[in-house]
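Please look over the sequence and the model below before reading on. The paragraphs that follow begin with the ligand and its surroundings and then turn to the spaces inside the protein.

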Amino acid sequence: MDAADRIYLSPPDMGPDERRLMLDAFDSNWVAPIGPHLGALEAELADVAGVAHAVAVSSGTAALHLALRLLGVGRDDEVLVPTLTFVATANAVTYTGASPVFVDAHRDSWTVDPALVADELDTRARTGRLPAAVVTVDLYGQCADYDPLLEACERHGVPLVEDAAEGLGATYKGRPAGSFGRAAIFSFNGNKIITTGGGGMLVSDDAELVEAARHLATQARDPAPHYEHSTIGYNYRLGNVPAAIGRGQLMHLGEKVARRRAINAAYRRAFEGVPGISFMPEAAYGSSTNWLTVVLVDPDEFGASTSAVRTHLDRHNIEARPAWKPMHLQPVFADAPMRGGQVAEEIFATGLCLPSGSSLTDAELDRVIDTVFTTPGITQQR
Ligand SMILES: *Cc1c(COP(=O)(O)O)cnc(C)c1O
């Protein structure tokens, strides 16, 4: 098998603007530590997310850590976290000394169930054990259901942090992902909608919070000619070269999201009416980025299991992945409290992420679809 032939799940999608801006950063010698592209990327991304302020950091995980710390989350606190997510969402909670309490997904959106979150907050309010924060995730590019979530959080005075790592370019009732809650984060990891190789962004309408994050992200150096520190900081700042690449990527965000949505639509057309294949639902309240297209495979109806399809694709040099394994099933979080869990468990049991990168060509898309239809044992051919 030829490595050049391999179709990946969500590879980087670079163009001439990225190359030009990266070379500009290099040639101007603004290679490190900061530089003009960094501030420009922050302003441009804040604009896209519909927020006033942004600080660029080394990863989405770092941005989450900063957001939680700056909202006062600390030792012995608890934070509500969707169980159906990538581990970074829960890991960042533990970095503050707090621990996660997991909440199940809603069947209609796969994002965190707002009724369960509200009920958990109401119950905890009665016993004086409110969590220090609620983190929501714009799962696979679909916004969480923010109206009821924010209503419940505001009623109890609990801050909400939006993990929009997969949601750059999505909307909820016409408002952009990243504009919900006290702060939101984005990821520019290699597999996300846009990439800087590795990086992230913390955004908020709260200027003080973002300034404090900038301070903590640069080793919390106090203003003085010498090195003066009055709190523990981190080395979390993004560099000017990756920021330049990010600006080139952001120029093409609209095309990238449109391509991922077109790929999702093509999969839906190809598998429409095929027994045993269903899709992650797109909630009527918004527009998803379709960061990854996820299907559920019913083995009895389709004639092959999720893992059979995945290994068959792999044998044909196509990368597919199971849906996120819920956090409450992860050995590392075995002792964490959990509300519900059945919906996320069902999604994990039969969910499969198909190649969804914005650089996927129509010919490659056809190859993925044709290959799914040659899985041994299936009941319906193309
Ligand atoms: C990718 C991702 C993160 C972490 O982002 P990094 O930039 O890789 O640290 C956090 N949350 C979710 C939901 C993600 O998909």
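A polar contact is a pair of N or O atoms within 3.5 Å; within protein, one atom must be able to donate a hydrogen and the other to accept it, and residues adjacent in sequence count only if both atoms are side-chain atoms. The model is predicted, and local features need pLDDT of at least 70, side-chain atom pairs count only at pLDDT 80 or more, while totals for chains, interfaces and linings use all residues. Residues are numbered from 1 along each chain as its sequence is written, and side-chain values use heavy atoms, with hydrogens and water left out.

With that in mind, we can turn to the ligand. An N or O atom in the side chain of Glu166 is 2.5 Å from an oxygen atom of the ligand, and a backbone N or O atom of Gly60 lies 2.7 Å from a ligand oxygen atom. Lys192 places a polar side-chain atom 3.2 Å from an oxygen atom of the ligand. On its own the ligand has 380 Å² of accessible area, of which the protein covers 93% (areas come from the Shrake-Rupley method with a 1.4 Å probe, and for residues only the protein chains shown count as cover).

There are 15 residues around the ligand, and those that come nearest are Thr61, Asp163, Glu166, Ser187 and Lys192; here a residue is near a molecule or strand if one of its heavy atoms lies within 4 Å of it. By class, this shell has four nonpolar, eight polar and three charged residues, where Ala, Val, Leu, Ile, Met, Phe, Trp, Tyr, Cys and Pro count as nonpolar, Asp, Glu, Lys and Arg as charged, and the others, Gly among them, as polar.

Where does the ligand sit? The ligand sits in the largest pocket, in the sense that more than half of its atoms lie within 2 Å of the pocket's grid points. On a 1 Å grid over the protein atoms alone, a pocket is an open set of points with protein on both sides within 12 Å along at least five of seven lines, a cavity is a set of points where a 1.4 Å probe fits but cannot get out, and lining residues have an atom within 4 Å of a point. The largest pocket has a volume of about 540 Å³, a volume being the space filled by probe spheres set on the points, which are joined across faces, edges and corners. Of the 32 residues that line this pocket, Phe86, Asn191, Lys192, Trp291 and Trp324 are the closest to its centre. The lining has 16 nonpolar, 11 polar and five charged residues.

The structure also holds two cavities of 30 Å³ or more. The largest cavity has a volume of about 70 Å³, and its lining residues include Gln142, Arg268, Glu282 and Leu292. By class, that lining has four nonpolar, five polar and two charged residues. The second largest cavity has a volume of about 30 Å³, and among the residues that line it are Phe271, Ile277, Val309 and Leu352. The lining of this second cavity divides into eight nonpolar, no polar and no charged residues.
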